[in-house]
Every structure is written in structure tokens, then in C-alpha cells.
Amino acid sequence: MIEDGEWAQSSDLLKDYQDPGTPPGTLRPADGESGPSRVIVASYTADTIDVREIADRTELDGLRGDGRIHWVHVIGLADVALAEHLGGVFELHALALEDVLTLGQRPKAEEFDTTLFCIVQHLAYRRDGLEKVQISLFLGADFVLTFQPSGSDLLAPIRERLVKGRARLRQKGAGYLAYAILDLIVDAAFPALEALGDHLDAIEEGILEKPDQDDIEKLQSARRELLVLRQVLWPQREVMGRLAREEHELMPEDVRIYFRDCYDHAVQALEVSENFREMASGLLDIYLTSLSHRLNDVMKVLTVISTVFMPLTFIAGVYGMNFDRQQPWNMPELGWRYGYLGFWGVSLAGIVSMLWLFRRKGWL
Amino acid sequence: MIEDGEWAQSSDLLKDYQDPGTPPGTLRPADGESGPSRVIVASYTADTIDVREIADRTELDGLRGDGRIHWVHVIGLADVALAEHLGGVFELHALALEDVLTLGQRPKAEEFDTTLFCIVQHLAYRRDGLEKVQISLFLGADFVLTFQPSGSDLLAPIRERLVKGRARLRQKGAGYLAYAILDLIVDAAFPALEALGDHLDAIEEGILEKPDQDDIEKLQSARRELLVLRQVLWPQREVMGRLAREEHELMPEDVRIYFRDCYDHAVQALEVSENFREMASGLLDIYLTSLSHRLNDVMKVLTVISTVFMPLTFIAGVYGMNFDRQQPWNMPELGWRYGYLGFWGVSLAGIVSMLWLFRRKGWL
Amino acid sequence: MIEDGEWAQSSDLLKDYQDPGTPPGTLRPADGESGPSRVIVASYTADTIDVREIADRTELDGLRGDGRIHWVHVIGLADVALAEHLGGVFELHALALEDVLTLGQRPKAEEFDTTLFCIVQHLAYRRDGLEKVQISLFLGADFVLTFQPSGSDLLAPIRERLVKGRARLRQKGAGYLAYAILDLIVDAAFPALEALGDHLDAIEEGILEKPDQDDIEKLQSARRELLVLRQVLWPQREVMGRLAREEHELMPEDVRIYFRDCYDHAVQALEVSENFREMASGLLDIYLTSLSHRLNDVMKVLTVISTVFMPLTFIAGVYGMNFDRQQPWNMPELGWRYGYLGFWGVSLAGIVSMLWLFRRKGWL
Amino acid sequence: MIEDGEWAQSSDLLKDYQDPGTPPGTLRPADGESGPSRVIVASYTADTIDVREIADRTELDGLRGDGRIHWVHVIGLADVALAEHLGGVFELHALALEDVLTLGQRPKAEEFDTTLFCIVQHLAYRRDGLEKVQISLFLGADFVLTFQPSGSDLLAPIRERLVKGRARLRQKGAGYLAYAILDLIVDAAFPALEALGDHLDAIEEGILEKPDQDDIEKLQSARRELLVLRQVLWPQREVMGRLAREEHELMPEDVRIYFRDCYDHAVQALEVSENFREMASGLLDIYLTSLSHRLNDVMKVLTVISTVFMPLTFIAGVYGMNFDRQQPWNMPELGWRYGYLGFWGVSLAGIVSMLWLFRRKGWL
Amino acid sequence: MIEDGEWAQSSDLLKDYQDPGTPPGTLRPADGESGPSRVIVASYTADTIDVREIADRTELDGLRGDGRIHWVHVIGLADVALAEHLGGVFELHALALEDVLTLGQRPKAEEFDTTLFCIVQHLAYRRDGLEKVQISLFLGADFVLTFQPSGSDLLAPIRERLVKGRARLRQKGAGYLAYAILDLIVDAAFPALEALGDHLDAIEEGILEKPDQDDIEKLQSARRELLVLRQVLWPQREVMGRLAREEHELMPEDVRIYFRDCYDHAVQALEVSENFREMASGLLDIYLTSLSHRLNDVMKVLTVISTVFMPLTFIAGVYGMNFDRQQPWNMPELGWRYGYLGFWGVSLAGIVSMLWLFRRKGWL
């Protein structure tokens, strides 16, 4: 959740970090997580599938090596003992487990002896801004292990496709399941980008109609969200590129061809976000020109008023002078029969000609 | 079509996308398409050519392997069954067919077992902005398959060249036909760029003559179109570069030499669009300086008026004071014979010298 | 010629292009060219040289293979039949000939079977802006073929060096002649850059002295010329780099060493033009600060005038009030002996102290 | 310490340097250092550990080759003789020792015959700005040598982990100790970045609430600190990347896997600092828009006041004129029964309608 | 010398160039050089050294091959015959000699058959701006040849180190001498950068205290000097990188290790100059905000004055009206006993409440 008080904070750009000097591979519960974790296990072959939620972690012990592929999905990152237990069962590296429990990681893919480890970020645009949820995935020969922090199960659509009768998803091994999961997460960026795009359009409309300080704060917040997006989408693209390109025994050739598609989507999401950044920085310029326009309008009103009334006030002042009327040359106009009417005639003529001039200059 | 209401929307930068979690290779009609598709088939050897429009898709079944080269052009992307049928006849990969039916794709070239698959975007500048039309092309040993969404047949000029007696186009196999089609699409960017350049020139002229908020909206819309252009032209260049560089059995050496030319054009189109972007961002600066100029002009008028009339009004006010004329030192000027004339003399001298000063300062 | 009406147009950034769909290798006269072409042939060995202008193109037929090196320089690009004839005699590729006849090409170097083909742009700064002239060059084992559009012979200095007794130019084969020609063209950028630099300095001086809208138009025009420059100089550098680096049978090692020098110059020209671009974009900022300065100056004058005269006018207005002097508390000042003098005293003291204050604030 | 007087100076970006022409490898005390150095030696095997502080440098002579790993940590860079002595005992290159004694170095990793030499910068955010402390590290087969300038012992947490019973740190050789030290230093950037982020947030809040010149100075200082950060973090990332990637006999494969983690952190720190830079440059734009807003507000007040009172003052001036009331057409209003009340009626109506107009325009 | 009249000119960015079309290798005296050159020869072995200045160039003929290393340093580039003579004695390539005599070259390193040729630029910050002096260096198996334009001997410190008893410099061959010279020149950038940094700090202080047009000219001049710096430091870094990286028989492995150090310094100098450029462009923004601040201040004064006095002047005008006092409703205030005092009471209350309001708004 990016925006939490009034606008996005700088610290949203930082990952959680342990105190410098902490030994590597030290596990501690992820920030802001508490309570037990949910563990959902799906075990399948091409023909059969068994989905169940596990309460006791020792149920995981006998899973491996029964010829089925197991997908273990863990929701909640507070249970360090569970993470360690999984590490033991599936032979995971301690550094990788530490990364799983540290939120705000940069997306990455790493190879360990028998597993492939990825971290990606699932993006969504909520009412209060962009939300990123860190999904960690371990791929082994016959298992996929995924972790997400607390919240609703983001990978449920995959499990549904898995369950549906005779799904292609069950025919193709653990690598293809990993693809399906990563594809879901990469594609989740598009609705988020669409919502962010609509948000930018709304800001632009607001700026063009009536620019105020509030728009600037919204814009600044949107720019920060775009920075977060970039921080996620750049390395996500890299991760997909590596999976599509590099040969790996866990990723057979016919699965890699699907990652090419996934890579294309990651590139497109990144390009769109870069274009949004450019648009957002263009909006600030537009804001400034809008302000200048308004200032010009205000100044024109002031100038029109001053230009019309200053000379008239001077003339009225002149005929309010008390020069001694005994002297013949002193203010004879005051004695004229139509002096006053003449004064008004001159005044109105002045006003009218000024207004005509300003209209011609386009100031009205 | 980029501009559809008042100005281009952010969402024009996004491609259509399927709901995250949809299985890959799921075919659905392309957005905004409906009704049956037109299928135009041209079958030729170096000496003979036969062009016809096909109503029943089963007519396509016997085409392959008769020694002729077949170019099947499909207009309209709503008929999923047709796409699947073509996929069966020409052995196309399901992921590629999914891309064909998803509009807003990034240009790309991909190799599959027996076919080469390209997506490119045909650009045109219509009355209401930049229009991009997605053309998909499959190249096989003896066939070329092209798809475009509904609209008039964009590839008709190629078919005309094909029909014309003893055309070089018929002498050189399917790869050269694919080149001819891609070359047409790459070159279509130039008239679009020319129109966009004229549009930018018109905006610049407008800004330099009389900057108003409307210019800013036009400029913002043009910048967004340039972002779309870049999104198309960068990968298009890459596609042509790969086709010109990489050896492929479907692209003999003597055809690749033509793609070098095509690549040059793609590079040039890209460079021009990048330069246009730089110019467009320069226009905003010019707009701001124009506004500042105008503000300066308005302020000068105000200052001239104030500087001339404030002192005069003060003097007129002085002689309107009611100091007791009985006291000899109180306002003797009022009793002078030529007091009033003197007042006007001083006033006019003040006005004239002020105006002379301002003219020297260049404020008039 | 970049600037043709009032300022440089966007379309100056576009090359000429044929209608999309035109078959590749279609020759048509270059834009804006007409009339017959001049053909100047120089045939030489180390010891002898024969320079002549040819009227009938069949005179070219017997040239090749007589042991001499032939340099054919063609001025004028309207004569398509001549181009085709040359293509036949020297075995040139149709795509290359099409490029020769299409103006506004990006500089490039291409290898064909027996020839090396380069396009470069000769730059000059004329009274009405930057002028680029497209020079095409074919290098064969025993010939050099050059083309330029109509105009005075740009390569005459090379021919003079060739003719001069015992010139090194004649000792070293066709590759060295090609080097001499390309070196001339690369070096021609320096006087053009110098002129453009002087132009920028003049604009800067104008802006610092007295910024007006005219400077902005000049600056915008100069920036567009710098974009054109970059469009030429980037690929020109690349061309020289390739010629200096890549081994080629037509370019012996001892000639390539000279191209290293040529490449250095191309790099330097490019760097200078990039620095000019940075300076030009800095000038706009300076322009804006100049405008702000002027606005500040105007506002200070207005504020000084208002601050001095508004209080005084108020006081004068006070003593123009008609309160009933019968009441003892009503305006007794009006009856004082030195009331009027006191009023002036106060007024002058006010003026003087205000001006002193403003001088201290640095507003005067 | 970046900020030392009022704001960060340009010279903070420069390293100390010796006079040009000084022979390489010339040792002189580091700038600003004086007094003796502290030398803390930790000698350990997997099972035993001995930590002591050494007063006499000859105690170091017999250390090498006793089968234990020695970590010598030197605090203080004024004692050139000590440095030379260490150079002799551990066979260090003179150039490396010169770098150790020159503060402000760019982080780097260099290989010498038998040692690996790194320079990194430990970052901390103190009350008076960003502080960088240069840590130099030599890694040999059985020793680690570290240097820091005067100050409290930054590496104490590592020594504590080393001493703690059965620490993994003691099981894995000198390379793993070097990793632990470098990891500590890389991770130290995160608290510093967090503090700097909070500082930027505070500046932003200040700007949005009430922009003044002081914010600009703070912002400028923060931008300079970000430049320093980048100068440190870019090469630091490179150093970690090389250590993670390049095979080296002193760095066994199972230690290199830890450097991958370290590299990830270095990348993340760099990305965060780059995003901060972008945010900081965005803040300046926001500052400018805030100023424009305020100017607009001021001008609106001025315009409202002028527009309301100028016409009224004119009318009051009119009825202060002294036209001869004997003439019937001269100022008959003055004799009307309700003239004065009518004047006030008109005035109030004018004021009210003006204010209503301005409210509708949004100026109030 | 960059700054020569009032501010740096664009042409300072251009190198000297010969007329396009001049044959390569044509020697002519360097621009602005005249008179004879000084030639200082140092011939040494590890044990002996002989330094002398040579008047007659034929003394150079017998130098090579006597087992000693010869360092010939030439000051002054007007004597073309001397250059040609040296070219003959040391077998230098004509193109390299041409580069030596052409000032304003880009730093570069080139290999010829038996010599290594470098051009570097010695930077210094003089009272009137940045000064760059072109040093050319030829390295052969047993000689080093250096050239500098007229001026004091920049390489004297090297010669002193050479002469000093048992200098390491004499033990290590010509390559190490070349290193010592290039190291001196690379390090000379640091004092120049320090001076330029101080200059930037002074400009910043000026801008923050009191921005005027003069600061802008100074800033613009500094930015141009930074462009020159970059033009020198980028390729200088490249030169050092090549010398540190590429194996070459004239540069033994143990000398290359020193160039690594030299490369580090070149990188650091470049980074500092890039950071200075960023700071300089930040200064312009600060300048603009300073101007805006000042404008805001001026406008506040104007608005305060107007807001206070306009209503008061209106009221004074009201009581100066001549409504017929015979009518009971006409201006009864004028007849009140304390009317005048009441007027002043209202006026003062108005002034005080306005000032209080403005103070609360922060305008005072």
C-alpha cells in the first residue's frame, strides 16, 4: 500500500532491511505479519488431483517422491518455524528463505543446486493507491512452492484451472505450473496500469479545467507510484527474459516458449509505465502554463480597470481643485453651461474607446 | 485511432489484455470486431496467378503442397473458428494465434518450428489523429498468411504488383512477398510522420502568434501520439534488424539484402519521431516564454498608466484641499492669475516626459 | 537548405520517400532535380592522368579493365537513364542506385559483392541556414563513382590534388582516393559548426542584452538545425568507424589507418554538435531568467510609484474633505498658519524617506 | 561529513589528492588524521579465538603461517610507519597502501598477486548530514586486513559475532569473514537512505505548506548529498558484482553465493538513491508551482481591491468637482434630496456585485 | 584559455582544423605559435643521467641505439622542420605528427608499428578561466618524445624526479617514464576541478544572497567550461583505460598495474566534473526560484500598500463631495461634532486591522 496518510512517502521506495551486521540467513517474521500461516497443498498427476489445506506442518514430510507434483502455497509470513520446516523438506537455501521473509524485495531469479528461486511482485491498484504483494516461488523437479503475505489467496485462479477436468495445466510438469503462476502475476500489472492511467487522465482533466495545489499533491503521489512501478517492472522484465532465454533442466524447451510470451508482456507493461512517467512529468509543465495563464488573466483585469479609471479619476480631481475663480484663466470650464455634461461625455468616450482598444488587443 | 473525444487518453498506450489467469493460447474475438471475415487468396507461380475471395473456409484445406505459393489475407478478427481452422491448415502455434487476435501488440518477430511470425503496426494519420492497424504475418515455406482488423484492404497495392505481368514479385518465393508486405508497412510511417510534422508546425505557429490553452491541449495530444509512435517504431526497427541480420532458411540471402533497406527506413522513421519528440518538448518551453512575454507587456501598460497618472492625481488632490486661504502661506497658488494654466502646463510636461522616458526604456 | 521561409520546418527532418508499396529498386529522378547531368571522368595511373567531361554516356562503356583507375563524378540526379547505364557498366545493385537518387538519406556504408557503397552528407552553413548535400560513393577494385545533386562541383579540390604532379593521391589505389573524398566531406562539417557556433553566440548576446520573441524564433530554428546535424553526424561517425575498423579487400591496411584519423574528426564534429545542443537548451533557460528579470524591474517601478503616491494622495484627499469647520474638532489643521507648508513638508519627507528605503532595498 | 557550514560544498565531491607529479606509492598520513593508530587483532580457528589490541607493531611479525586466520583491524590513518610495516608483513602493493591512506576514494576491487584489495565507503546519516567513512580491506589466504580512519570501531559487530560460541563465521575461512565485513558496510546504506528519505519528506511537507528560500537551501544540500551517495553506490554495486561473478581462488564458490545477496542489496540501495534523486528534482518543480500559486493569490487580492475601489473613488471624485451650480445642467444630483443616500446605494451595490462576480470566478 | 572577452565563446569547443581537402599529413605550424622551439633531452640508464638543452636539431641524429633511454621534450610547435626531423629520427607516422601540430585535439591513444602515440590535455584553472594545454607523447622501445605548445615547462617535476639520486623512475624503462608523465597530467585535473568547484560555490552563494544578471553570465560561462572539461575528461578516461587494459609490448605488465591507478583517477575526475554539471544546472533552477521569490516580495508590498490606502482614499473622497448640505439626508456626518475625529478613528482602525491581517498571512 503506497499511499497511507495524505500522500506517498519516500520510505515506500525502501525495502524492509535487517540491522546491518545481522548474520546472513537469519530468519525472522516478515514485517507486519502475525498469526499462523495457511498452507494449501495441491498434489496432482495428469489424471488425478487432490487439493487440501494443511494444519500441521508435519503432514508435509512425506510428500516428495510419490510421483505426483506438489504445489504448496503458503499465505502468511509470520511462522518462521514453518519456513524452516519447508526449507528442510524441500532443501531450500537459507539465503533464499531469508529473502522470502523480507518484504519489499527486488524481483529476481536465482539458481540453487536443485531449485530455481524467483521473487516477483503482484501489482494491484486499490482505492488508496498502488499495492504490491511479494510472491516468492521455488521450482523443483516435482514441486512448486509459493509464498504470499497475509491477504486473500491471489493464486486461486490457477488452482481452479488446475482442478478443472483434463486441464492442459496438469499435463506439463512443474515448470509449466510455475509459468502459469508467473504469467498471472505479470499480467496483473495491466489492470493496475489501466487504473493508474485513468487516474492520470483525471488529474490532467483537473489541471486543464482548474489547477490547484491539490492536483500537485495528487500528481506527486502518482509520480511516486510510477517510481515504485518502475522499481518492480524493470527487474521483473529481466527475470522473465532470463527464464525465456536461459536453458535450465527444470524448464524444458516447450515451456520456455511460453515464457517468451510472458517476457513480451513484461516488456509491454514496462514500456507503458515509462510512457506514463513521461506523461506525468509533462503534466507538471501543463500545470505551470495553466498557472501562468491564470496570472495573465488576473493581470489583464487589473490593467483594464486601472487604465480605464486612473485617467478619469485624475480629471475628476482636476475639477475638484479650488483655483480662485476670480482670475479669468482659472478653471473657466466650471462656469460653462454644459461643463458637467461635457465632463461625462469625455469620460464615457474615454471608457468606450479604452474598452474597444482592449477588446482589439484581446484582453477582454 | 488515438484521439477519440477531446484529446488522446492514457489508455491509448495500453494494449488490449485478457484477464490475468486466462490460460495461454485462449482464442477470443479481437476487441471491437464483429461479423464475418473476408478471406482473399492469391496463389501463384512465376508464370501464373489466381486471385479469389473465399466464402467457405474449407476451401483452404487442399491449398498446401500444390507447388504454388499461397498468400491468404484475412480482414476481420471476429471469426475465431476461421483462425483456428487456419491454425490447423498451416500448423500455426496457439500462442501466435492468440497474439493475432489481441490488438495493440508490440511489433515483434518470432520463430516457430516451420513458420516465422511477425506482428507490425501500419501507421496512418487520419483527420482525428494517428491510427495504427495491427498486421500479423506468418511466413512458411510456400505460404504467407496476413491478418488485419476490419477496414479497407491495406495490402491491395501488393496484390496489384503481384498480378501485373511478369512481376519480379512472383519470381522470388514467399520470403520476398513477405518483404514486400513489411516494406509497405514500414514505409507507411513516412506519410504519417509528415502529417504529424505539419501538425507540429501548425501548433508552433499558433503558439508564436497567440498562445492559448487550446494550443497546450493540442500539444499534449501530439506528445501522446509521439509516445505511441515510439512504442511502435522502436520494436519495428528491431524486427527489421533481426530479419536483415539473422540467417533463416525461410529468408534466403538475396532477400535479406532487401531487408537491410527496410531496416534503414525503419531507423529513419524512428529518428524522425525522436526528433519530433524533442521539438514538441521544446514547444512547451516556447509556450512558457510566450506567456511571460505577454505578462511583461500587460505589466508594462499597467506601470506606464500608473506612473503617469498617480503623481498627477496627487497634484490635483493637493489643489482640492481646503486650507484656510486667510493665512498668507496657505495655498497662494490658487489665487495666482495663471495658476490653473500652470497646473496644466506642469501636468502635460509630466505626461510628456514620462512617455519619453518609457519610450527610451522600450516600454512603449 | 533548412530554413526556407521564416524558420526551419519539421519536414526538413524527413527524407524524401517514395509512395509506400513502390517496388524496391524503382529509379525515378531525385526531387527537385532536372536537366542533364554533368559527368567528369578522371583516369589515372601513378604516372599519368587524364581528366575530361563526357557528353555521351556510351563513352563510359570501354573504361573498365584498362589498368587505370577511373573516378567518375556525376553532378545532377535527374538523368535516370545515365544512372541505369552506370549501374550496368560498374555492376551496381539496384537498391543502391535507388538510394543514390533519393535525397535526404541517412549516411551509411554497405557492402555489395564487388563494391562498397557509402552515402554521406556534405554540410555547409549558408546565409539562409545549414545546407546538406548528399554525396554517394561507390568504390570498386579500379574505380570510384561519386554522385552529387545539382550545384557547383564540391569535389573539385580532390581533382586538383590528383592532377598536381607526383601526388601521393595517385600512388595508392582507388581506396585511398575514396578516403580523400570522404575526408573532405567529414572535414567540411567544421566550418559549418564554426558558423553555427558564431550564430549561437550572437543569439546569446542578443538574449542577454534585450530578449525578444525574435530571439526565440532564431533559437528554435538553430535547435532544429542542430537536430539535423545530429541526424547526419551520428551515422557519419558510424560509417567512418566501420571503414576504419572492418577489414575489407578494397580497403588495404595502410589506407584504413587514414580512416582512423577521419573517424577521429567525425567523433569530434559530433561532440561539438552535442555540446552546441546543450548550450542551445541552456539559452532558453537564460531567456526565461532574462524575462523574469525584466518583469521584476517593471514591477519594482510600479511598486515604487504606488508606494510613494498612494499615501500622499490619501492625505491630500483628507484635506479636501468638507467637514463643517464650525465644530472645533473638525479639521483645525486647515486653519493653521503654516498648515499648507506643513503638508508639503510631510509629503516631501514621505517621498524622500520612501526613496531612501527603496534604494536601501536595491529597488532603484 | 558533507554539510559543514551552512550547506554542502562542491569540494565534498572531490577526493583528497596528492600534488600532481608525486611519485606513485608515496605514503603520507591521511588528511585530518593524527596521533597513534589502534590495532585490534583477532586470530581464530574454527574452535578457538583470541582477540587482543596490539601496542607495538613488531608483535605482528610472527603472525602469518601459524595455521590460524588473522583479522587485523587498524583504526587511524596517521601512522605511516605502521602502514609500511603491515605492507611488509602481509606483502601488500605500495599503490594499494597509498590508496588506503588517501581518503575520498572511489569504491573499487583490485587483484594483486596474493591479495584481493577492496575499498568501500560506510555510509551513515548524522545530525549534520551524510557521513562517509572509507574502509579498506585486504584479503589474503589466511588473513583479513581492514583500515578505517579515526572514530569508533565500525566493525565491532562482526567481532562480536566472531567471538560468540560456535559461530558459522569461524567455520568458513578468511573469504567469508571478508564477506561479513563488506555485507555490513553495504547494508549500512539502508538506515542512511531511510534517514535521507525522511529528510526529503520533511522538505516536501515544508514546501507544500509554506515555501521559503530556506527550503531551497535544504533541498540543494540534499541533492548534493544524493550526488555523493551516487558517487559511492554506483561503484560499490560494481565491486559487489565483480566479487559475486568473478572466480578467484581466495573466494570459494560457496562464499560467492553470499556475495550474490550482497550484490542484490547494493543494487537496491542504488535504485533507491536514484529514485530519491528523481524525487528531489521533482520537489523543485513543486516549489516553483507553489511560488506561482502564491503570486497568483497575491495578485488576486490586489486586483479585487483595485477593481472594487477604483470606480468608487472615481465617482466620489466626480461629486467633489466644483462645477458652477448656477448652470442648471451642472451637477443637479448634488441638490437632490436623497443624492447622498443614492451615492451610497450605488457604491454598496457596486461593491456587492463585484464581490459576487469575483466569488463566481473563484478569486475569493 | 576559455574565457577571453566577457564570457566563454562557442568556438572554444571547436578544435583547430585545416581547410577541408588538405592532404593528410600536411604539417603547418600550430595556431598562435611562433619562434624557435626549445628541445630538452634527458638521456639515462638506471645509474647515469644526462640532461641538456639542444640548439641544433642535428644533435638528435645519433641518439638512438646507444643503450640509454632518451626523453626528448619539445616546447613550442612553430618549427615544422624540427617536427619533420624528429619524425625522421624516431620513425613517426606523418598523421601523428600532423595531430601534434594541430591544437584542440581530442585525447586519444593510437598504436603505430613501433611506437605508441598519445594525446592528452593538461588542465589548469587560471585567473581568466580554464586553460587546457595539449601534450603529445610518443613512446618507443628506448625513447619518449613529448611536445607542448609554448609556455613554461609543464613536465619539469618529472625531470626533477628523474635526476634525483637512485630514482625508481630510472630503474623501469621508457614505459614507466611515459606513465609518470601521463599520471602527472591526469592528476593536474584535480586542482583545476577544485578551483572550478570553489567558483561554483561562489556563484551559488551570490545567487542565494542577491540574484542578478551577472550571476547568470558567470554561470553560463562555468557551464561552458564544464562542457570543455567533459570533452577532455571522457576521452582521457578512455585513453587510460586502454593503456591499463590492453597488452602491448612497450607496456610491460608491471607498468600496466600503475595505469590502473591512473585510470581510477581519470574516472574520478570525470565523475566529479559530471556532478559539477548537474550542480550547475541545479543552480539555474535556484536562480529562477530566487527571482520568483523576489517578485513575490515586490508584489506583496504593492498589494499591502494598495489594500491599505485605496479604501481610505475612497472615504476621504466621499467627504470631499459637494452634496447640497441643505438637504437633511445629504452628508450629515460633515456637521457632526466629532466627525473628523471619527474619520481618523475609522482610518487608523482600518490601517491597523489590515496590517494585522497581512502579518497573519505572512505578507509582512
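This is a predicted model: local features need pLDDT of at least 70, side-chain atom pairs count only at pLDDT 80 or more; totals for chains, interfaces and linings use all residues.

Q: What holds paired strands together in general?
A: Backbone hydrogen bonds, and the strands can be parallel or antiparallel.

Q: What's the strand order in the chain B sheet?
A: It goes β2-β1-β3-β7-β6-β5-β4, seven strands in an open sheet with mixed pairing.

Q: Which strands stand at the edges?
A: β2 and β4 (108-111) of chain B; each has a single partner strand, so one side of each is left without a neighbour in the sheet. From one strand to the next, the twist averages 15 degrees.

Q: Which helix packs on that sheet, and what does it touch?
A: That's α2 (residues 94-101) of chain B, which touches β4, β5 (116-126), β6 (129-139) and β7 (143-148) of chain B. The direction of α2(B) makes about 160 degrees with that of β6(B). Angles over 145 degrees count as roughly antiparallel.

Q: Jumping to chain E: is β1(E) mostly covered or mostly open?
A: Mostly covered, with six of the seven residues of β1(E) (residues 38-44) buried.

Q: Which strands does β1(E) pair with?
A: One is β3(E), residues 69-75, joined in the antiparallel sense over seven bridges. There, E:Tyr44 has E:Ile69 as its bridge partner. Another is β2(E), residues 49-54, which runs antiparallel to β1(E) and is joined to it by six bridges. In that pair E:Ala42 stands opposite E:Val51, and a hairpin of four residues links β1(E) to β2(E).

Q: Helices now. How does the span of α6(E) compare with what you'd expect?
A: It agrees: at 1.5 Å a residue, the 21 residues of α6(E) (residues 189-209) should span 30 Å, and the end C-alpha atoms are 30 Å apart.

Q: Which residues of α6(E) are buried?
A: Quite a list, including E:Ala189, E:Phe190, E:Leu193, E:Leu196, E:Leu200, E:Ile203 and E:Ile207. E:Asp201 and E:Glu204 are among them too.

Q: What covers those?
A: The cover includes α7 (213-245) of chain D. From chain E itself, it includes β5 (116-126), β6 (129-139), α5 (173-187), α7 (213-245) and α8 (253-318).

Q: How do α5 and α6 of chain C sit relative to each other?
A: The axes of α5(C) (residues 173-187) and α6(C) (residues 189-209) come within 5 Å and cross at roughly 5 degrees. The two helices are therefore roughly parallel to each other.

Q: Which residues meet there?
A: C:Ile185, C:Val186 and C:Asp187 in α5(C) meet C:Ala189, C:Phe190 and C:Pro191 in α6(C). By type, the contact has five nonpolar residues, no polar ones and one charged.

Q: What's buried in α1 of chain A?
A: In α1(A), residues 80-90, the buried ones are A:Val80, A:Leu82, A:Ala83, A:Leu86, A:Gly87, A:Val89 and A:Phe90. Their cover includes β1 (38-44), β3 (69-75), α2 (94-101) and β7 (143-148) of chain A. Just after α1(A), A:Glu91 takes a positive phi of about 55 degrees.

Q: Last one: how far apart are chains B and D?
A: They do not touch, and their nearest C-alpha atoms are 9 Å apart. No contact joins chain B and chain E either, where the closest C-alpha atoms lie 9 Å apart.

Terms used:
Residues are numbered from 1 along each chain as its sequence is written. Chains are lettered from A and ligands numbered from 1 in the order in which they are written. Side-chain values use heavy atoms; hydrogens and water are left out. The expected span of a helix is 1.5 Å times one less than its number of residues. Buried means under 20% relative accessible area, exposed over 50%, partly exposed in between (1.4 Å probe, protein chains only). Contact means heavy atoms within 4.5 Å. Axes are lines fitted to C-alpha atoms, for helices over the stretch in contact, and angles run from 0 to 180 degrees between N-to-C directions. Angles under 35 degrees count as roughly parallel, over 145 as roughly antiparallel, 65 to 115 as roughly perpendicular and the rest as oblique. Ala, Val, Leu, Ile, Met, Phe, Trp, Tyr, Cys and Pro count as nonpolar, Asp, Glu, Lys and Arg as charged, and the others, Gly among them, as polar. Two strands pair if DSSP finds at least two bridges between them.
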